[in-house]
Amino acid sequence: MVGGRIKVLAESMRDEVTGLRHHFHRHPETAWGEVGTSDKIEALLREWGFENIRRGFRGTRSGVVADLNAGGEGPSIALRADMDALAIKEENPVPYASAHEGVMHACGHDAHMAILLGAGKILASMREELPGRVRLIFQPSEEGGSTSGNYPGAEHLVREGVLEGIDAIAGLHVWSPLETGLVAVRPGPMMSACDSWTAKIHGKGGHGAMPQDAIDPTLAATTFVNLLQTIVSREVNPKEIVVVSVGKFIAGSAFNIIPDSVEVTGTVRTFDPVIQANMPGMIGRIADGVCSALRCRAELDYTRFTPPTINDEELTSRFIETAKRTVGEDRVQASPLIMVSEDFSYYQEKIPGVFFLLGCGNPLKGTDNPHHSPRFNVDDDALPTGVELLAAFVADYFGARGDTGALKR
Ligand SMILES: [Zn+2]
Ligand SMILES: [Zn+2]
């Protein structure tokens with residue numbers, strides 16, 4: 001009874017995994033600076049007999065990747081946790097509150113690392129029974145992409161070959177809007193893509209009283225902002241969920257001066273990779289068209305941060321079976337579409353992947369505050385469930401491949 005054994009092991013590790021979560025929470029590090037965090041993880045993985053340990057990505061010391069049964073044939077699966085904290089000053093009155101001024105694990109990545117370590121330790125203890133390779137990926141900079149322009153950690157790790165020899169991948173996010181112990185997942189698109197863009201509109205500056213001698217970029221920029229919404233209302237299929245938002249509009253310096261140029265910055269969210277790919281063309285065409293009508297010139301700088309998170313149908317239905325058996329049929333929900341993004345999508349662009357949400361919200365413990373808030377915290381009762389889900393999913397994954405060897409449920 002591998003399933004039952006994993007449940008017992010996960011429960012027996014409750015204090016150890018909670019301790020790890022509190023350690024990471026107390027010592028948060030931001031994107032690409034997760035060095036102390038990586039030291040701790042590397043030491044544990046070595047102690048537990050992991051092989052092929054890779055340390056540091058993108059020329060940093062951040063990130064750890066390690067294998068069980070590295071040389072083995074057979075199927076292979078990776079489990080991923082993100083590692084970075086945020087530049088937020090913690091307001092939680094807990095003994096393990098951040099010791100690093102102005103930095104905080106306010107998204108739950110401390111829990112992701114602790115859960116993955118717990119699952120890794122269980123899988124290491126049963127490695128002889130596993131008919132294939134298990135890879136743990138501790139990934140730096142999940143938040144980094146959208147906040148620092150460094151590009152997402154997952155994109156770098158994929159480029160540096162962490163998926164080589166791997167058939168499938170699973171990952172999770174603790175989720176404070178969801179009650180502790182509940183699991184939410186959906187096949188197909190689940191979390192949106194996230195892009196950013198800046199349109200610089202050049203005119204010719206002049207006196208506000210003599211517009212005939214100037215070329216007004218503000219008029220062109222405001223017209224551009226208005227017409228942008230026709231992408232969603234007139235150009236894209238109404239059945240698709242797409243957002244184009246302007247977040248920044250920088251123009252001018254005084255009441256009587258027509259400025260030389262205007263800068264407009266915004267974001268795009270969509271669940272469809274084709275719409276995402278077409279977006280620079282659509283935005284650029286409107287900017288160019290408006291500018292040509294109004295004698296201005298547009299320059300568009302478009303950055304694709306994150307593709308949509310799209311769960312593989314087959315892997316997800318297998319995960320749902322594992323989850324229902326693990327936490328109970330009534331505690332597994334269909335996830336809504338979520339408009340924020342997750343760079344787990346970079347792995348899913350290469351191999352089948354499943355990403356799920358693990359509830360960690362409990363109003364009685366004050367762990368129902370929003371992610372990225374200075375009062376965000378994780379209900380530690382969610383941790384053993386996360387450990388069990390990941391370890392059980394790996395066991396089931398190998399079992400379902402029909403080459404279970406000694407592995408029986
Ligand atoms: Zn976050
Ligand atoms: Zn996060």
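In which strand is His173 found? The residue is found in strand S5, where strands are DSSP runs (E) of at least two residues and helices DSSP runs (H or I) of at least four, both numbered from the N terminus. The structure is a predicted model, in which local features need pLDDT of at least 70 and side-chain atom pairs count only at pLDDT 80 or more, whereas totals for chains, interfaces and linings use all residues. Residues are numbered from 1 along each chain as its sequence is written, and chains are lettered from A and ligands numbered from 1 in the order in which they are written.

The chain has twelve helices and 16 strands, and its C-alpha atoms fill a box of roughly 85 × 45 × 40 Å along the principal axes. Buried residues make up 49% of the 409 residues in the chain, a residue being counted as buried if 20 or more other C-beta atoms, placed from the backbone, lie within 10 Å of its own, as exposed if 12 or fewer do, and as partly exposed in between. Of the contacts with a separation of 6 or more, 79% are accounted for by residues 24 or more positions apart, with contact defined as C-beta atoms, placed from the backbone, that lie within 7 Å.

The domain assignment, which is automatic or taken from a database, gives domain 1 (2-192 + 308-400) and domain 2 (204-306). The centres of domain 1 and domain 2, taken over C-alpha atoms, are separated by 38 Å, and eleven residues of domain 1 are in contact with nine residues of domain 2. On the side of domain 1 that touches domain 2, the residues divide into five nonpolar, five polar and one charged, where Ala, Val, Leu, Ile, Met, Phe, Trp, Tyr, Cys and Pro count as nonpolar, Asp, Glu, Lys and Arg as charged, and the others, Gly among them, as polar.

Eight strands form an open sheet of mixed pairing in the order S1-S2-S4-S3-S5-S16-S6-S15, two strands being taken to pair if DSSP finds at least two bridges between them. Strand S1 (51-55) and strand S15 (332-334) are the edge strands, each of which pairs on one side only, and the twist averages 25 degrees from one strand to the next. S1 and strand S2 (residues 64-68) pair in the antiparallel sense over three bridges, and the bridge partner of Arg54 in S2 is Val65. Helix H4 (residues 109-125) packs on the sheet, touching S2, S3, strand S4 (133-139), S5 and S16, and its direction makes about 150 degrees with that of S3; axes are lines fitted to C-alpha atoms, for helices over the stretch in contact, and angles run from 0 to 180 degrees between N-to-C directions.

Within this sheet, strand S5 (residues 168-179) is mostly covered, as ten of its twelve residues are buried. Strand S3 (residues 76-82) and S5 pair in the parallel sense over four bridges, with Ala168 in S5 as the bridge partner of Ile77, while S5 and strand S16 (residues 353-361) pair in the parallel sense over eight bridges. His173 has Leu357 as its bridge partner in S16, and is classed as buried because 26 other C-beta atoms lie within 10 Å. Not counting residues up to four places away in sequence, His173 touches Gly108, Glu342 and Leu357.

A further open sheet is formed by four strands in the order S10-S12-S8-S13, with antiparallel pairing; its edge strands are strand S10 (242-251) and strand S13 (297-306), and neighbouring strands are turned by 15 degrees against each other on average, direction ignored. Strand S8 (residues 194-202) and S13 pair in the antiparallel sense over nine bridges, and Lys200 stands opposite Glu299 in S13. Helix H7 (residues 217-228) packs on the sheet, touching S8, S10 and strand S12 (261-270), at about 10 degrees to the direction of S12. Helix H9 (residues 273-293) also packs on the sheet, touching S8, S10, S12 and S13, at about 165 degrees to the direction of S13.

Note on methods. Two residues are in contact if their C-beta atoms, placed from the backbone, lie within 7 Å.
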